[in-house]
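Subject: Structure for your review

Dear colleague,

I am passing on the structure below, followed by a summary of what was found in it. Please read the two side by side.

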Amino acid sequence: MSVVWTQVALAGLWGGLVALERKAFLQAMLSRPLVAATIMGLLLGDVPSGLSVGLLLELFFLGTANLGAALPENDTLAATGTSAAAATLTTATGAGSTPAIWSLAVLLFIGLGRVGRRGDRLLEGYTARLARVALASAEAGNLTRAVRQNLWGMWPHFVLYGCLTSLCALAGFFVEPLLQALPPPVVRGLAWAWPAMASVSASLAAQGSHARRAPLYAALGAAAVTVAVVLLLLQEHR
Amino acid sequence: MSAPDLPLPPWVLVRVFLRSLFLQASWNPKGMQNLGLAYSVFPALEHLYPDRAAREEAVRRHLVFFNTHPYVAAAIVGGVVNHEVRIARGEETPDKVVAFKAALMGPLAALGDGFFWLSLKPAVGAVSAAMVPLLGVWAVPLFLVLYNLVHVLLRVRLYWLGLSLGDRLVEAVARANLPSRGAKLRAVAATSAGGLAAWLSVSFGTNAGGVRAPLLAAGCLALGVASYVLVSRRVPNYVVLYLAAGLACAAGAFL
């Protein structure tokens with residue numbers, strides 16, 4: 001097993017940048033799982049892993065929202081960490097990206113959403129201190145220093161989440177022997193787990209859509225797609 | 001709408017808007033977005049109050065508690081600049097701008113949360129995810145374009161409304177009718193998610209099943225329906241996901 005350090009560094013850089021975009025700056029949704037994970041895959045040379053992990057996590061975290069002072073799970077860290085691990089795991093195996101790799105990465109790293117929420121809570125202590133410094137500076141008449149405290153709140157997010165994402169990328173290389181040691185039926189089972197988890201996540205997304213008649217709309221969507229696909233398949237068989 | 005009658009050069013107004021993009025850079029539990037608001041309006045205050053004492057007083061009144069939705073905050077930032085211009089001209093007292101912020105931040109937060117976080121984001125996310133089987137990686141730019149077309153345009157427009165209308169921006173925001181648009185977007189999100197769940201199940205059955213294809217597809221779809229019911233009954237999402245993965249793993253290993 002050889003670690004590709006450029007992959008680890010790139011993962012950390014992208015993980016840190018989207019951690020900033022998630023709350024501190026702009027919020028143009030670069031930090032959403034579908035986007036962040038796919039771009040992670042692109043950077044690490046494994047777009048299929050990024051896209052597949054991003055699709056699943058986008059659906060899984062679709063209903064979460066940052067409302068008021070409540071802290072939701074950090075879907076961005078879950079997406080960047082999981083996709084980085086999936087991409088480096090693919091690199092380590094030397095074969096192509098497979099559903100078994102995506103499933104394993106999701107099962108091992110999806111809990112990062114909760115880790116990220118703890119991290120966010122921890123960093124609030126630092127920003128509270130910045131607020132106190134800003135007030136003291138304004139009282140002392142140093143207005144430029146007071147307002148600039150706002151920008152100092154960003155670097156800990158970049159560093160903390162960048163490092164965590166790098167660690168996930170690194171972990172991907174170390175998980176590879178575990179994947180190789182699994183018996184073939186279990187690997188086949190993991191491959192089956194991906195569509196099952198994605199389908200379950202899509203159902204969770206329908207539930208998290210906050211629509212008043214979500215079950216009705218979801219059933220209509222499911223029925224329309226099923227009928228369309230079945231008709232298409234029947235036409236192909238003729 | 002006519003251009004606002006403000007004694008501020010355009011570059012100052014642009015700087016204030018760009019700085020408002022950092023509104024939550026130092027979000028803190030006590031003052032929440034207070035540092036971000038003071039940081040955003042500071043270029044305007046520097047221009048409006050050449051007198052140091054008056055400027056200090058102006059900055060201090062924006063370092064108090066402030067919290068609203070980060071996009072809709074653009075309207076309040078614009079409105080604060082509008083009020084500060086009138087305060088600097090001596091046309092109103094400083095308590096007006098404090099009252100303006102206090103009156104609007106709650107309702108606008110509810111409006112922004114309801115429309116952007118609970119409607120537009122899930123709808124665009126679900127539609128883009130549903131497009132992945134058709135568009136592949138191009139679903140990602142689709143996500144960004146669809147979302148930011150609405151987000152950036154509304155953010156700029158709300159800032160402009162705040163600048164030009166001040167207190168009267170409430171009527172203009174009400175006319176946008178965001179809550180009813182939000183309800184339609186949520187329906188789109190649910191429909192897209194349901195459609196994608198079905199597509200994933202059917203394509204899984206077709207790819208993995210052979211003669212058992214209909215059975216596997218139906219089983220996968222049933223798993224989706226069961227997970228919907230379980231989560232509705234407050235079973236944690238993680239438990240449902242791991243349960244589904246475990247079942248699928250077992251099926252894949254033994255069937």
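Of the 238 residues that make up chain A, 58% count as buried, a residue being buried if 20 or more other C-beta atoms lie within 10 Å of its own, exposed if 12 or fewer do, and partly exposed in between, with C-beta atoms placed from the backbone. This is a predicted model, in which local features need pLDDT of at least 70 and side-chain atom pairs count only at pLDDT 80 or more, whereas totals for chains, interfaces and linings use all residues. Residues are numbered from 1 along each chain as its sequence is written, while chains are lettered from A and ligands numbered from 1 in the order in which they are written.

Chain A holds 10 helices and 0 strands, where helices (H or I, at least four residues) and strands (E, at least two) are DSSP runs numbered from the N terminus. Its C-alpha trace spans about 80 × 50 × 25 Å along the principal axes.

Turning to the interface, 78 residues of chain B are in contact with 81 residues of chain A. On the chain B side, α8(B) gives the most, with 20 residues. That side divides into 51 nonpolar, 21 polar and 6 charged residues, with Ala, Val, Leu, Ile, Met, Phe, Trp, Tyr, Cys and Pro counted as nonpolar, Asp, Glu, Lys and Arg as charged, and the others, Gly among them, as polar.

One residue to look at is Gly252(B), which lies in helix α10 of chain B and counts as buried because 24 other C-beta atoms lie within 10 Å. Leaving aside neighbours within four places in sequence, Gly252(B) is in contact with Arg188(A), Gly189(A), Ala191(A) and Trp192(A). By contrast, the C-alpha atoms of Gly252(B) and Ala176(B), 76 residues apart along the chain, are separated by 51 Å.

Helix α7 of chain A (residues 143–152) has Leu143(A), Ala146(A), Val147(A), Gln149(A) and Asn150(A) buried. These residues lie on the same side of α7(A), because they cover an arc of only 125 degrees around the axis, the arc being that of the directions from the helix axis to the C-beta atoms. The buried residues of α7(A) pack against α6 (112–139) of chain A, together with α2 and α3 of chain B.

Best regards

Conventions:
Two residues are in contact if their C-beta atoms, placed from the backbone, lie within 7 Å.
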